[in-house]
Amino acid sequence: MRAPGGPLTSPVGRLAATVERLRREVQAAQAAADGRALIDLAKGVLVERLRCGPAEAARQLAELTAQSEMTPLELAADIINQAARDRLTDVAVDFVTTVHGTSPTTSQTASAAVRLRTAESGALAAGDTQAVADSLLQHALEPLGATGVAIWAAGADGSLSLAGSSGFPAGEAGRWRYVPPGVATVARTALTERRPEWIESLAVAGPPSIGGTHYPDGGRVAVPTGVGGRIHGVLEICWPGPLAAQPPAVVRQLEALAELCAHTLEIHSSSAHSSLDGPAVTNALSELVDLADTLHDPALVLLPQVDGSGQLTDFRIHHANHRFRDPAGRSRSAVSGALLLEAYPMAADENGLFHHVERVYATGEPFRAGRMTLTALVDQVPLSSVAEVSITRHGNSVLLIWRIEDEVARLANLLEHAQRLGRIGGFEENFVTGEITWNSQLFSLYGREETAGPVPVEELRSHAHPDDAVTIGRFLRTVLHHRKPASAAFRLQRPDGVTRYMRVVAEPVVDVDESLLAVRGAYQDVSAQHWTEVALAATRDQLAYSEQQAAERNRLTLQLQQAIMPVTAAPLDAPGLRTAVRYRPAETDHLVGGDWYDAVVLPSKHILLSVGDVAGHGIEAATSMVVLRNALRGLAVTGAGPAQLLSWLNNVAHHLSDSVTATAVCALYDPSRRVLRWARAGHLPPVLVREGQATTMPLLKGLLLGAVSDVTYEEADMQLELGDTLLMYTDGLVERRDRSMEESLNHLLVTASATKATLDQRLDHLLTYSKSDTDDDTCIISIEVM
């Protein structure tokens, strides 16, 4: 009975309300954790890009948030997208463009990016596949109208297990927890075909699947997900009603979400097979090798090979058993360690051997064929045999077994195969009977039909290149006249117009009275070796040219730096002021970068002082330095203050240069009032030495140049006194790999406090006792008030 006070006053009602409240708190905590993960990742990107500490990265992120009018999560997702430039970045932009039909706004792109990056963060951080399903549905799929998601794990026997699901009615997970091999479902179709399966409506067309009784008219999409060519499972998405044709951007988004499942499914698969640790994987592979060696048929153990993007490219022959023989007669030593497509290029044919090996590795379903043609290509000569083939997957390896028919005939032709492999043709010429014997391989090398008959050895000159006539003459004289074995290399001109590089070896057969009875020998086609030597020589020349080009590029970069940035410069003609500068280039030529300094008297009699550091090294960094340095000089003539100059210079770096980022300090000194106005763009603050005590100037807010457009910089004034010394420098003076920036700055302050007679001696002292170990460029500019 219901209590008088209503359902909430009953024990069951209070318990239900408590459960609902806890569920909302858990969801809120998960959302907050996902948001913190995105923001922390964005801070890490700024630490790497700005070469600063976590605290400075947090301040920079807060400044960008205030200036961009985005939420912290949207800005974090945008920073991650710019740093990653991966598939999720492209998917977010393409999705907004397709949905809205116009160029996406910043807020639209950021919103889509937040959803996808939050889903990615939740998937990668989830402890189980169920949490991954919840994260994908909540953050990425519900905005697309989907109401349910199922993540299937593929078994080694072709079965499917429900690893996680979300959005389906209660009890569905239990009823669909396991799908045996061979049972037709939407997910199995995607697994078998290895491509996404789109179902407009389960009621119209489509096999049964999870939640089908509750959403009989619903649309379905099943996308295979895997890594390195191996499908670990399927991501299945459910819509409550019929699914219309989706734009390409939505298709790419669903494929990207399927890739997010690959990480969790790979761990799920590894856990199910107890192969998470390296020793277990090694033991499993060793056991498979031992199994192959016990077989009476030829067997290969294959390991998948993936490229830098994670795509399956080939299989390496890890082991061939002791009974191994292939259609070309090659033994295990000839193919062990080679790539499958290198050893058997003809296997790449559509529906060929490689196709079946790739399918077995991807799905885990074994393949057997009673008769399959196996072809080996040896020196462009195909050698084929018919065999019974069996292919099975064992963990991360594939076992390939075949039984070649006509074994006796194959052994009988072994000598012929060996001659084909070596491109060798034999001959014998009897001078008593005049009979000449050639084997079929020699006719093939000569390009002659067997009906045309063999060529007598004395007529060899007429089939060789004219320039080789002397070589052929010496060979024939040695064999026919002096009765001694000989060899010669020459160019054979075949009837089909092809020229081949040949080597002939012959020995005479003589009677007891030294009369010549016969000559026997062999020709070998060495064209491949010849062209390999030619290609190797060309490669050496190209390598030498590339090294020369690199050295010339480094030399030009260094000359450009030295021309613009001399090690020392003449002092400025400014009353009451002494100036000094130093430039120390990198010791290694290829590390020459984009550090700059500048000190110039403006028409207003104010003095422009600046230092900066362009990101990167080489000619690009040096030329970018010249652009920014000269741009700042030109802008300074306008009479604007340092903050405005840096704002303009930021737009130059962002819009008029090719992805240039840099840090800088800009200052204007008024000699009449001894007032220094200055601003910074992500750069280390100047150091002021007053009465023998060195201190850093206040850390003004200012983002590095070129990161975003339309940045506002903070500006401050400093009243200088007689005897004050101001130091402006780049991070090459202080940066160390094993020390924090705070420790390095403290050492700089101690070094700068040392008493020196002249300003030049002070700068030389700083360079001499600098503890920097990054071999980066270093610029220092200093003024002393007199």
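Predicted model: local features only at pLDDT ≥ 70, side-chain atom pairs only at ≥ 80, totals over all residues.

Trainee: Fine. Is cysteine 238 buried or exposed, then?

Mentor: Cysteine 238 has 0% relative accessibility, which is under the 20% limit, and therefore it counts as buried. Cysteine 779 is likewise buried, with a relative accessible area of 0%.

Trainee: And how many disulfides does the structure hold?

Mentor: It holds 0 disulfides.

Trainee: Changing topic, what is the strand order in the open sheet of 6 strands?

Mentor: The order is S3-S2-S1-S6-S5-S4, and the pairing is antiparallel. Strand S3 (178-179) and strand S4 (197-199) are at the edges, and because each has a single partner strand, one side of each is left without a neighbour in the sheet.

Trainee: Which helix packs on the sheet and touches S1, S2 and strand S6?

Mentor: That is helix H6 (residues 129-141), whose direction makes about 50° with that of S2. As for S1 (residues 148-154) and S2 (residues 160-166), they pair in the antiparallel sense over 6 bridges, and tryptophan 152 stands opposite leucine 162 in S2.

Trainee: Now the loop between S4 and S5: what does the side chain of serine 201 reach there?

Mentor: It reaches the backbone oxygen of aspartate 217 at 3.1 Å. Serine 201 is buried because its relative accessible area, 5%, is under 20%, and beyond its neighbours within four places in sequence it is in contact with Pro216, Asp217, Gly218 and Gly219.

Key: Residues numbered from 1 in each chain as written. Heavy atoms only, no water. Disulfide = S-S within 2.5 Å. Buried < 20%, exposed > 50% of the residue type's maximum accessible area, 1.4 Å probe, protein only. Pairing = 2+ DSSP bridges. Helix = DSSP H or I, 4+ residues; strand = E, 2+ residues; numbered from the N terminus. Contact = heavy atoms within 4.5 Å. Axes fitted to C-alpha atoms, helices over the stretch in contact; angles between N-to-C directions. Polar contact = N/O pair within 3.5 Å; in protein donor to acceptor, adjacent residues only side chain to side chain.
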